[in-house]
Amino acid sequence: MADRHTHSSGRHNGKAGAASLVVDSPTAVRNVAVVGPSGSGKTTLVEALLAHTGTISRAGSITEGTTVCDHDPVAVRQQRSVALALAPLVHEGIKVNLIDTPGYLDFLGELRAGLRAADAALFVVCAADGVDEATAALWRECAEVGMPRAVVISRLDHPRADAMGELAACQSAFGAGVQPLYLPVGAQALLGLITQRLIDYSAGPAPRVGDVPEADRGRFTEARNQLIEGIIEQSEDETLMDRYLAGEEIAVETLINDLETAVARGSFHPVVPACAFTGVGLAEVLEVVTKGFPSPQERPVPPVTTVDGKEHAELTADPAGPLAAEVVRTTADAYVGRVSLVRVFSGTLRPERPVHVSGHGMAERGHADHDTDERVAHIYSPLGAQLNEVPYCVAGDLCALTKLGSAETGDTISDPREPLLMKPWAMPEPLLPIAVVAKNRSDEDALARNLSRLVAGDPTLRLERNAETNQLVLWCMGEAHADVALSRLRAGGTEVETEDVRIPMRATFTSKAHGRGRHVKQSGGHGQYAICEIDVEPLPRGSGFEFVDKIVGGAIPHQFIPSVEKGVRAQLAKGVTDDPYPVVDVRVTLVDGKAHSVDSSDAAFQTAGALAVKEAAAAGNVVPLEPLDDVEITLPDEYLGAVLGDLSSRRGRVMGTESADNGHTVVKAQVPAVELVRYAIDLRSLTSGTATFTRKFARYEPVPQGAFASAH
Ligand SMILES: Nc1nc2c(ncn2[C@@H]2O[C@H](COP(=O)(O)OP(=O)(O)OP(=O)(O)O)[C@@H](O)[C@H]2O)c(=O)[nH]1
Ligand SMILES: [Mg+2]
């Protein structure tokens, strides 16, 4: 792909030179994933924070395609983030690695990788949008990995902005742990509940700070009391609540300390209203990030083992510890080659040193286990697409490495003298199949090569070479993800097209049939002579193929019996009617035949066997079989009716429904595979992206009359 990677000389040059991007201690780092629904303004917020801190001289824009994080041409075209992007800034001596993640569901894999690299998250919701199911699902993604998080209510300048309404929606959806640190006053000012100050941005990004206006006293006091009680409830000091209730004024430092602990624990979520366009709240967001979020030292390091799976002592974010780093993202750049975005968990990465790269446990996704010793050349701190060289990268920090030939997303980088392995994070299963073909035959090899490279970089793509349908199928997360994958292939110089996904069909006999195969050619030269008579009868589903020899009296000499079987098998595999579907679940009994002492041969009896099954099929008693999949759908209860109705229109058979947690239901059904080709897209639109499903081949079944046309 044509990422616009440059070396330290990009258009984003600002005050934060490379020197300040180098930290010596994990305590000076905050890794912050920016998470939230698509369009809530995450990338724009990151841009505003970069401009606010002087990291870039001027904020770019989404519509012009000039932001640091959405540098990919596909992101510019789709007008949304399609991959995670790293943008570090330095604020008050702390290096903040902002990890912008896409909000659109297709890119869930990028979000998961971003969460793995982060120690805390800014959860961004638009002041005008409420909290829908998709937003709640993103919140659950954070909760599942125990991610400490603050909420940013963004886009205060939106014509329909209702920051207080949005706050209430967040509290009701995410629980009482969600508490404002600042209250919005219109779109231009904030009330600091702890600092007890009005921060007025109406004259521009440098705010005037004043007293709480009389008009806001009532709601200020109520919100402040709630916040203080909320913090005290979370405090580990149990005497605090009694003292507070007895009327004692609790010191601000105590409150801030307890707040930090509760945030780090993941049970308390401070809320800051902010606006990327007007600058309201940017300083406040940075303060929460640098003062309220945990440093890498306060977060657990994912467990490591030796490369052969033996236990290893727990690691900490110690720059002097054993090297353990993880590749969170891989991209292929036309100029720079492979770029690996890396989180160092323990030890220190240094240039010009050998490292061990290992990747295990993802063979099913087309990532074969690998263990390779390689050499780190240069180390970079990326700012979007721009690579700034740094002299080293300590535990807790993020960096980019180039030219690590074997490194794939999810791999562990360690010291060759002490090779280690981290279990990769949970990656979502791609469920949308896209059949791809090279436009020109001469491009086929290049296509296969580029596809493998693409899949190596993105674990949410899976490549299937279906020998039966003779198709290359790229499994994607959704249409937007497929668009990204195809664009990258095309940018890599392969002319690629898509075609309908073919379903591997079968056929079987519905009733007994008889067939005679006669292959006799005796005019001139060496003749051919073979005649066989067979009975074909159906067997139960899943039985496969049986061959029975009932020849008596040597009508066919015994050495030619296997030849008949071979011919029958070959013809059944090719199909016996106009449809080239392999025939299964039949018993073929060889009942009679004739041979010639000179002209009979193995080849002649194979041909006769093949002719015999074709004749048996000519009576019209062969039907096509289609694959059925076991499907399990997890969905919010409110969509149950819609999903069941849709399943029945797909010829699905519901096998049962069960209640699950959080007002969800699990539906188990069997559905013809042909009806599932676009299910990833249709289920999403039916349930606003709130349902998930899994599918697994179950068995073959006859295609019902009338449904046959749709199976093609
Ligand atoms: N007026 C206004 N518009 C904003 C603000 N923040 C973002 N936008 C606009 O909202 C749209 C979406 O913003 P993005 O920053 O791309 O949103 P995102 O959360 O990164 O979206 P995804 O990348 O799809 O997850 C863009 O057109 C922005 O220009 C804001 O504070 N004020
Ligand atoms: Mg974005």
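Author: The model discussed here is predicted.

Reader: What makes a set of residues a nonpolar core?

Author: The members are buried and joined through C-beta atoms within 7 Å. The largest such core has 171 residues. Val 32, Ala 121, Phe 123, Val 152, Val 342 and Cys 399 have the most contacts inside it. Strand 5 (residues 120–126) gives the most to this core, with seven residues. A second core of 35 residues is separate, and includes Val 583, Val 588, Ala 612 and Val 703.

Reader: What does Val 342 touch?

Author: Leaving out residues up to four places away in sequence, Val 342 touches several residues, among them Val 327, Leu 398, Cys 399 and Ile 413.

Reader: How do you know that the span of helix 11 is close to the expected one?

Author: The expected span is 1.5 Å times one less than the number of residues. Helix 11 (residues 479–491) has 13 residues, so 18 Å is expected, and its C-alpha ends reach 18 Å.

Reader: Where do its buried residues pack?

Author: Buried residues of helix 11 include His 481, Leu 486 and Arg 488. Their partners include helix 10 (444–457) and strand 27 (471–476). Just after helix 11, Gly 493 takes a positive phi of about 95 degrees.

Note on methods: Residues are numbered from 1 along each chain as its sequence is written. Chains are lettered from A and ligands numbered from 1 in the order in which they are written. This is a predicted model: local features need pLDDT of at least 70, side-chain atom pairs count only at pLDDT 80 or more; totals for chains, interfaces and linings use all residues. A residue is buried if 20 or more other C-beta atoms lie within 10 Å of its own, exposed if 12 or fewer, and partly exposed in between; C-beta atoms are placed from the backbone. Helices (H or I, at least four residues) and strands (E, at least two) are DSSP runs, numbered from the N terminus. Two residues are in contact if their C-beta atoms, placed from the backbone, lie within 7 Å.
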